[in-house]
Amino acid sequence: MITIIGAGISGLYFGLLCKDNGIEFEILEKEVYTGGRIYTDYTSYGTPVELGASIFHSNQTLLIDLLDKFHVEYEEIKKGETLYEINCQKVDYPKQASGKFEDVIDDLCNPGKDESAKMNYNTWKNSYDQTGKILICKKGLETLTDKMADLLQEQIKFNQKVEKVKKDYLVVNGEKKKFDKLVVCTSLFEAKEFMKVPKEVMTIPSLRIYVELKNEIQFDYRYLVSDKNFRWAIVIDKKLLLASYTDGERAEQLANLGEKKAIELVLSELEISESEVVKTWFMFWKKGFEIVKWDEDVRGKHEVSKNVYATFIPDIDRNGQDQAWIEAHLRTVKSCFEKML
Ligand SMILES: Cc1cc2nc3c(=O)[nH]c(=O)nc-3n(C[C@H](O)[C@H](O)[C@H](O)COP(=O)(O)OP(=O)(O)OC[C@H]3O[C@@H](n4cnc5c(N)ncnc54)[C@H](O)[C@@H]3O)c2cc1C
């Protein structure tokens, strides 16, 4: 019997792999819902709003396989969609070009200006080529975790907060419970509360500001990148805009202004007046992402102590960045499962 802690996408995926291979398992989840950091708000607005993970790339094949398997639709934020019109010149959105936005626009408007302009353009283009298309689930990513959880209903136990992990038992809601093999599928930050973890973690804050508008959005672009205070703005629906999609230092700076001021700033940069706004959502996740530099000897091994495995230790570590993506967790779960067999 395998005991899995956490019913986020990692724990659910681990459960599915066990089920497909005829292995007995149970999943202990502290909340009364599944999905973890995949969290879609289906009720506040007529369209689903992602409060956690929201976009993914066409090269993230494990996630895409899961979406296909569970018939969850996704669609591309198209490359051809016009981003801005500058000097009467239409500019396609430069994917992942954050921080370089103004340079890129400048280069596109003045091609061949100088060497650094060419370099900026190439950096942007390479980044586009590497990551492929940007995709979203219009019905919400939680549709996927809900469908995964439906298949595992009998094995998921809610309201089971793990408080301690010992050699061959754990403490759940104050009671001891023996385990044969344990897989920890929580974030590393959460795991630190109940077990020793091999390395320190750095957390990266995330901020999202959504805006519901009275009238249909007039922008003729769907997706834009800015070098200012909002990093990405995405038109989610006719009247709903993800006005700021910001991680890291900039998210913290914006959050430090306080909700009211941060929203005012983002709206002014988007040239939206307050009178046009029906409602805003301000979400600041102080510990949105984890970035860890793992030692070579830890990475990819997954077994943190005898019969205790953890999926918060990634297989890959490109300066830790890959951990921010669902795909990185799925890849880690898959290799952890294979190693455990
Ligand atoms: C704001 C935000 C935006 C993001 N945007 C994107 C994006 O656009 N694209 C992308 O690919 N990724 C994104 N991510 C990252 C993505 O959400 C995560 O990588 C992924 O959801 C992690 O899944 P997980 O199952 O490993 O962990 P989690 O989803 O954190 O699941 C862990 C589960 O364990 C449970 N748990 C924790 N402690 C205990 C305990 N003691 N006992 C029992 N259960 C416990 C939790 O309740 C939770 O259900 C974003 C994350 C955030 C926060």
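Predicted model: local features only at pLDDT ≥ 70, side-chain atom pairs only at ≥ 80, totals over all residues.
Residues are numbered from 1 along each chain as its sequence is written.

Let me start with helix α1, residues 9–20. Helices here are DSSP runs of H or I with at least four residues, strands are runs of E with at least two, and both are numbered from the N terminus. The axes of α1 and α5 (residues 142–151) come within 10 Å and cross at roughly 40 degrees, where axes are lines fitted to C-alpha atoms, for helices over the stretch in contact, and angles run from 0 to 180 degrees between N-to-C directions. That makes α1 oblique to α5, since angles under 35 degrees count as roughly parallel, over 145 as roughly antiparallel, 65 to 115 as roughly perpendicular and the rest as oblique. In this contact, Ile9, Leu12 and Leu16 of α1 meet Thr145, Met148, Ala149 and Leu151 of α5; two residues are in contact if their C-beta atoms, placed from the backbone, lie within 7 Å.

Turning to α9, its axis and that of α1 come within 9 Å and cross at roughly 35 degrees. Here Ile9, Ser10, Tyr13, Phe14 and Leu17 in α1 meet Ile326, His329, Leu330, Val333 and Phe337 in α9.

What surrounds the ligand? The shell holds 34 residues, and the closest are Gly6, Gly8, Ser10, Gly36 and Ala53, where near means that the C-beta atom, placed from the backbone, lies within 6 Å of the molecule. Elements that give two or more residues to this shell are α1, β5 (55–57), β19 (277–291) and α9 (326–340), and the largest share, three residues, comes from α1.

Finally, the sheet. Three strands, in the order β11-β12-β13, form an open sheet with antiparallel pairing, and two strands pair if DSSP finds at least two bridges between them. The edge strands, each pairing on one side only, are β11 (162–165) and β13 (175–178), and the twist averages 30 degrees from one strand to the next. Between β11 and β12 (residues 169–172) the antiparallel pairing runs over three bridges, and Lys164 stands opposite Val171 in β12.
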